[in-house]
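Open the model in a viewer with residue selection and confidence colouring at hand. The stops below are meant to be followed in order.

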Amino acid sequence: VQSPLHECRKLYGSYLANRESLYSAQKALRHSSPQITSDTYADIMLDQSIAQFWEDEEENIKVVEDES
């Protein structure tokens with residue numbers, strides 16, 4: 001059983017790979033090669049509510065950064 005933090009990382013990695021690009025996910029997750037990212041994250045299909053969660057969080061981060 002994987003830790004909740006690792007599960008969160010997998011969800012975010014799959015979000016980036018599917019919504020942005022495999023390259024974005026590779027860089028964000030600090031993988032040494034795109035093959036690692038592809039093998040682990042690219043084939044995970046996200047539930048729409050999970051994708052919406054990450055999109056909302058990214059928007060919240062932008063608002064906080066703009067207020068600083």
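**Stop 1**

Select tyrosine 15, which is buried at 2% relative accessibility. Keep in mind from here on that the model is predicted.

Now look at the two rings. One aromatic pair is counted in the model. The ring centres of tyrosine 12 and tyrosine 15 are 6.2 Å apart and the planes meet at 25°, so the pair is stacked; the cut-off for stacking is under 30 degrees.

**Stop 2: the core**

Keep tyrosine 15 and select Leu16, Ala17, Ala25, Leu29, Tyr41, Ala51 and Trp54 with it; together these eight residues form the largest nonpolar core. Colour by helix, and α1, α2 and α4 (48-67) are each seen to supply at least two residues of this core. Which helix gives the most to it? That is α1, with three residues. As background, nonpolar side chains in soluble globular proteins tend to be buried together.

**Stop 3: tyrosine 41**

Stay in the core and centre on Tyr41, one of its members. Leaving aside residues up to four places away in sequence, tyrosine 41 touches Arg9, Lys10, Gly13, Ser14, Ala17, Asn18, Leu29 and His31. Ala17 and Leu29 in that list are also members of the core.

**Stop 4: helix α2**

Select residues 22-29, which make up helix α2; Ala25, Gln26 and Leu29 are its buried residues. Turn the view to look down the axis of α2: the buried residues fall within an arc of 100°, so they line one face of the helix. Ala25 and Leu29 were already picked out as core residues.

**Stop 5: arginine 30**

Step past the end of α2 to arginine 30, in the loop between α2 and α3 (34-42). Is arginine 30 buried or exposed? It is exposed, with a relative accessible area of 75%. Check the backbone here as well: phi of arginine 30 is near 60°, a positive value in a residue other than glycine. For context, most residues other than glycine have a negative phi.

**Stop 6: confidence**

Finish by colouring on pLDDT. The protein averages 80, and 82% of the residues score at least 70. Confidence is highest in α2, at a mean of 91, and lowest in α4, at 72.

Key
Residues numbered from 1 in each chain as written. Heavy atoms only, no water. Phe/Tyr/Trp six-rings, centres within 6.5 Å; stacked < 30°, edge-to-face > 60°. Buried < 20%, exposed > 50% of the residue type's maximum accessible area, 1.4 Å probe, protein only. Helix = DSSP H or I, 4+ residues; strand = E, 2+ residues; numbered from the N terminus. Arc of directions from axis to C-beta. Core = buried A, V, L, I, M, F, W, Y, C linked by side-chain atoms within 4.5 Å. Contact = heavy atoms within 4.5 Å. pLDDT = per-residue confidence, 0-100.
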